[in-house]
Protein chains: 2
Amino acid sequence: MTGKLYLVGVGPGDRDLLTLKAVRVLSEADCIAFPQKPGQGSMALEIAGAHVPDDKRLLPIAIPMELDRAPAQMAYDQGAAHIAALTDQGLSVAYLCEGDPLFYGSAMFLIERLATRTEIIIVPGITSLTAAAAVASRPLAARNDRLKVLPAPLDTETLRHELQHTESVAIIKVGRHFHRIRNLLRETGHEKALVIEHAMGTKQKISPLDAFADEERPYFSIILSYRGEEDWAR
Amino acid sequence: MTGKLYLVGVGPGDRDLLTLKAVRVLSEADCIAFPQKPGQGSMALEIAGAHVPDDKRLLPIAIPMELDRAPAQMAYDQGAAHIAALTDQGLSVAYLCEGDPLFYGSAMFLIERLATRTEIIIVPGITSLTAAAAVASRPLAARNDRLKVLPAPLDTETLRHELQHTESVAIIKVGRHFHRIRNLLRETGHEKALVIEHAMGTKQKISPLDAFADEERPYFSIILSYRGEEDWAR
């Protein structure tokens with residue numbers, strides 16, 4: 001593992017959903033790096049903590065959560081420099097990623113900065129997408145179904161068109177867009193969608209679209225809808 | 001676990017990419033069921049075999065591979081009846097699924113048949129999608145990128161339109177559709193797509209679109225393309 005950076009998917013929130021490979025990398029790496037919101041804990045470290053030996057060297061990377069991208073970019077610059085200083089010395093670093101490193105994750109900011117300097121190895125993880133489907137016991141897609149992953153901040157016209165033309169959809173980053181998304185789903189035949197909060201985490205909750213009052217917003221949620229031809233529960 | 005059916009994702013092909021939860025379920029279940037092509041081995045059992053104790057009761061479900069759906073449907077009817085006979089006796093059954101059970105898998109055929117009769121628990125697995133991205137070291141999507149999973153047998157007009165309007169795409173079930181798909185990708189600005197065969201398996205191979213002669217077809221492959229705004233390797 002000498003001098004390598006491992007981007008390790010730690011899955012959606014259940015410590016038993018780490019892979020054997022992820023657990024082995026965490027036990028063997030010289031240093032464990034992870035993103036952290038300033039003044040808060042690290043969700044990735046909370047998920048994987050049970051598998052990080054007590055005496056392991058830790059490298060928290062504090063990422064400011066602001067609309068302006070510059071402070072976060074600077075934090076990744078510094079974090080990447082710290083990691084590279086370690087790998088240049090021949091040490092191995094495991095960077096913890098919630099879910100999967102390459103599925104809407106922050107790992108890409110390290111790939112952008114370090115790909116030409118450090119050998120990077122990706123350890124895939126369970127995504128929030130399959131975790132949400134699992135807790136809902138609802139297949140995502142089959143046969144020739146299209147499956148679209150759509151971030152909620154996309155503009156309304158784009159979302160409407162994509163929703164009209166798909167069998168299966170997962171809407172991520174819902175947050176403050178919930179009311180607009182709910183209206184769009186109802187308008188495009190996806191009114192049976194499910195809202196899944198904290199899939200596989202301790203605060204897990206599964207609700208129909210209608211379960212929320214107008215002023216209420218589901219938190220850390222993903223919305224799944226299927227309207228293809230398969231009859232999942234005949 | 002009494003009387004329950006576990007649909008267990010065993011990941012894309014590396015025995016170390018099973019989750020801790022999957023390994024525990026395989027060790028504790030009374031019976032291990034798996035799909036098998038007649039006259040051939042079972043890919044799911046090959047992947048997970050190292051984690052199945054030697055004395056475990058096995059239930060292979062032979063699935064005929066024919067264009068006509070009726071024989072396969074009958075095989076799932078029989079397999080589901082076998083499983084239900086076991087769970088009705090209070091035994092637990094783990095059914096092995098390549099990749100993730102709910103991502104274009106055969107597990108849905110058991111869900112359709114058993115959801116109203118048996119308690120079903122899904123153990124998510126690493127998908128071919130994130131495995132392919134991992135071996136290519138290429139992020140799937142970030143920020144407000146759309147990510148579309150498109151089965152290659154879809155009609156040309158649908159595929160062209162979906163490819164024109166996305167930042168990221170994964171094309172699955174490529175097989176005999178390779179030449180048509182390659183032409184469509186070139187036409188829609190996805191000419192830098194990568195063809196990933198047997199991701200994380202022993203026969204893993206990563207190639208640019210151009211690497212194949214006209215008469216050649218990549219096998220067990222997924223095609224990934226990204227043409228969004230992120231600069232992955234600056």
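Two strands pair if DSSP finds at least two bridges between them; strands (E, at least two residues) and helices (H or I, at least four) are DSSP runs, numbered from the N terminus. This is a predicted model, in which local features need pLDDT of at least 70 and side-chain atom pairs count only at pLDDT 80 or more, while totals for chains, interfaces and linings use all residues. Residues are numbered from 1 along each chain as its sequence is written, and chains are lettered from A and ligands numbered from 1 in the order in which they are written.

**Exercise 1.** Determine how β6(A) is joined to chain B.

*Solution.* Step 1: the partner of β6(A) is strand β6 of chain B, residues 147-151. Step 2: 3 bridges join the two strands, which run antiparallel. Step 3: within this pairing, L147(A) stands opposite V149(B).

**Exercise 2.** Describe the side of chain A that touches chain B.

*Solution.* Step 1: with contact taken as C-beta atoms, placed from the backbone, within 7 Å, chain A and chain B contribute 45 residues each. Step 2: α1 (20-28), α4 (107-114), β5 (119-123), α5 (128-136) and β6 (147-151) of chain A each supply at least two residues to this side. Step 3: β6(A) gives the most, namely 5 residues.

Technical notes
Two residues are in contact if their C-beta atoms, placed from the backbone, lie within 7 Å.
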